[in-house]
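Welcome! Please take a moment with the sequence and the 3D view below before reading on.

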Amino acid sequence: FWGIIAPIIMYMPFFIRKKKNFFSRQKRMRYGGLINSYKESVYFWGLFIMIIKLVMLLTYSLVEDAKVGGIVSMLLIFIYLNLFEWLSPYNEKRFKRLEKLCIWCYLLTIFITLFAA
């Protein structure tokens, strides 16, 4: 329950005051890690990442068959990859490159875990 509510509460100021100079230098210093790496148009990307990770964790916890959990996780990561490519959330290209590498590492890890046994 708190895994869903806490991130939403953290991001409420962004949803409420987005148009009211929320991305000023002072606000960026205050909320640093939540918004600094992302473009203003996709300020919610950190929340999206938290939700994807939570859904993946719940999938592995609640699904009895590990292969089904792995396939669902791979599907979620592919959805994440497509949204990542479409929205291009990072301000800097090096962050985009690193995130893309991490996504492919996630997929490779899950694939090896599923089919190596």
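## About the model

This is a predicted model, in which local features need pLDDT of at least 70 and side-chain atom pairs count only at pLDDT 80 or more, while totals for chains, interfaces and linings use all residues. Residues are numbered from 1 along each chain as its sequence is written, and side-chain values use heavy atoms, with hydrogens and water left out.

## The whole chain

The protein chain has five helices and zero strands; helices (H or I, at least four residues) and strands (E, at least two) are DSSP runs, numbered from the N terminus. Along the sequence this reads α-α-α-α-α.

Of the 117 residues in the protein chain, 34% are buried, a term for under 20% relative accessible area (1.4 Å probe, protein chains only). Contact here means heavy atoms within 4.5 Å. Among contacts in the protein chain with a separation of 6 or more, 55% come from residues 24 or more positions apart.

## Helix α5 and its cover

Helix α5 spans residues 93-115, 23 residues in total, and reaches 33 Å from its first C-alpha to its last, close to the expected 33 Å. The expected span is 1.5 Å times one less than the number of residues. Its buried residues are E99, I103, L107, I110 and L114, and their cover includes α3 (45-62) and α4 (66-87).

## How the helices pack

α4 and α5 pack at about 165°, with axes 10 Å apart. Axes are lines fitted to C-alpha atoms over the stretch in contact, and angles run from 0 to 180 degrees between N-to-C directions. The angle makes α4 roughly antiparallel to α5, the word for angles over 145 degrees. Residues making this contact include I71, M74 and F78 of α4 and I103, W104 and L107 of α5.

α3 and α4 pack at about 170°, with their axes 9 Å apart, which makes α3 roughly antiparallel to α4. In this pair, residues including F48, I52 and T59 of α3 meet others in α4, among them V72, L76 and Y80.

## A look at T59

A polar atom of the T59 side chain lies 2.7 Å from the backbone oxygen of V55. Leaving aside neighbours within four places in sequence, T59 is in contact with G69, V72 and L76.

Note on methods
Buried means under 20% relative accessible area, exposed over 50%, partly exposed in between (1.4 Å probe, protein chains only). A polar contact is a pair of N or O atoms within 3.5 Å; within protein, one must be able to donate a hydrogen and the other to accept it, and residues adjacent in sequence count only if both atoms are side-chain atoms. Angles under 35 degrees count as roughly parallel, over 145 as roughly antiparallel, 65 to 115 as roughly perpendicular and the rest as oblique.
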